[in-house]
Amino acid sequence: MRAWLNSNEFFGSLPEALRIGIKQVTKLSDNGYYDYHDGDDPELTATEDHIFVLSAEELNLPGRSSYTMEGQGTVYKLFSDNTSRALGTTYWTRSTGGKSSNVNLYLTVLPNGGNIRKGTNDASINVVICFCI
């Protein structure tokens, strides 16, 4: 998804007046599925992005350390609690949430601002895109 968001197909299709104001930022993401039980942790990978999906850490999701690696960004003050995260819909984070029955899971934010792990096969979940100006 991040490759498509930063591609000419998506990013390049934004109005030029907006596109030239968007800063490229470095985002850290886990490249695997963290399991705090087995100690076999994936490494964080840095990417340079104009458009990105927030991590569980940037959203300050409670309980995230059981499922995701720390170090995926700092909390955006705009999303510091359940009330500020609540957008009235369920949406993805870029933070993996382990595996369940061989389905890759990601942490998602619930309509009330809480969170749950969901499989990548759930197409009913929304994507909130972000950028810095």
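# A tour of the chain, stop by stop

Among contacts between residues at least 6 apart in sequence, 56% join residues at least 24 apart. Keep in mind throughout that this is a predicted model.

**Stop 1: the whole chain.** Show the chain as a cartoon. There are three helices and five strands, and along the sequence they follow the pattern α-α-β-β-α-β-β-β. Of the 133 residues in the chain, 37% are buried.

**Stop 2: Thr-47.** Select Thr-47, which is found in strand β2. Is Thr-47 buried or exposed? Thr-47 has a relative accessible area of 16%, so it counts as buried, the cut-off for buried being under 20%. Next, show what surrounds this residue. Leaving aside residues up to four places away in sequence, Thr-47 touches Arg-2, Val-25, Thr-26 and Lys-27. Thr-47 and Ala-3 are 44 residues apart in sequence, and their C-alpha atoms are 10.0 Å apart in space.

**Stop 3: Asp-49 and Arg-2.** What joins Asp-49 and Arg-2? The two form a salt bridge, with 2.6 Å between the closest N and O atoms. This pair links distant parts of the chain: Asp-49 belongs to strand β2 (residues 44–49) and Arg-2 to helix α1 (residues 2–5), and 47 residues separate them. Asp-49 has a relative accessible area of 3% and is buried. Arg-2, at 40%, counts as partly exposed.

**Stop 4: the network around Glu-58.** The count of salt bridges comes to three. To see others, select Lys-27, Glu-58 and Arg-94, which are linked in a network of salt bridges. Begin with Lys-27 and Glu-58, whose side chains meet at 2.7 Å, N to O. Lys-27 lies in strand β1 (residues 25–30) and Glu-58 in the loop between β2 and α3 (82–85), so the pair ties together parts that are 31 residues apart in sequence. Both Lys-27 and Glu-58 are buried.

Now move from Glu-58 to Arg-94. Their closest N and O atoms are 2.9 Å apart in another salt bridge. Because Glu-58 is in the loop between β2 and α3 while Arg-94 is in strand β3, this pair ties together parts that are 36 residues apart in sequence. Arg-94 is buried, as is Glu-58.

Where does the charged end of Lys-27 sit? The charged end is over the ring of Phe-52, 4.2 Å from the ring's centre.

**Stop 5: aromatic pairs.** A pair of aromatic rings is described by the distance of the centres and the angle of the planes. How many aromatic pairs are there? The count comes to two. Select Trp-4 and Phe-10: their ring centres are 4.9 Å apart and the planes stand at 45°, so this pair is tilted. Trp-4 is partly exposed, with 42% relative accessibility, while Phe-10 is buried at 17%.

Go on to Trp-92 and Tyr-106. This aromatic pair is edge-to-face, with 6.3 Å from centre to centre and 85° between the planes. Trp-92 is part of strand β3 (residues 91–100) and Tyr-106 is part of strand β4 (residues 103–109), so the pair ties together parts 14 residues apart in sequence. Trp-92 has 12% relative accessibility and counts as buried. Tyr-106, at 22%, is partly exposed.

Stop 6: Bring the surface back and colour Met-1, Val-127 and Ile-129. What do these residues make? Met-1, Val-127 and Ile-129 make a nonpolar surface patch of about 260 Å². Val-127 lies in the segment after β5 (115–119) and is partly exposed, with a relative accessible area of 35%.

Notes
Residues are numbered from 1 along each chain as its sequence is written. This is a predicted model: local features need pLDDT of at least 70, side-chain atom pairs count only at pLDDT 80 or more; totals for chains, interfaces and linings use all residues. Side-chain values use heavy atoms; hydrogens and water are left out. Rings of Phe, Tyr and Trp (its six-membered ring) pair if their centres lie within 6.5 Å; planes under 30 degrees apart count as stacked, over 60 as edge-to-face and the rest as tilted. Buried means under 20% relative accessible area, exposed over 50%, partly exposed in between (1.4 Å probe, protein chains only). Helices (H or I, at least four residues) and strands (E, at least two) are DSSP runs, numbered from the N terminus. A charge sits over a ring if NZ of Lys or CZ of Arg is within 6 Å of the ring centre and within 35 degrees of the ring normal. A salt bridge is a side-chain nitrogen of Lys or Arg within 4 Å of a carboxyl oxygen of Asp or Glu. Patches are made of residues with over 30% relative accessible area and no salt bridge: like charges are joined within 9 Å, nonpolar side chains (Val, Leu, Ile, Met, Phe, Trp, Tyr) within 5 Å. Accessible areas come from the Shrake-Rupley method with a 1.4 Å probe; for residues, only the protein chains shown count as cover. Contact means heavy atoms within 4.5 Å.
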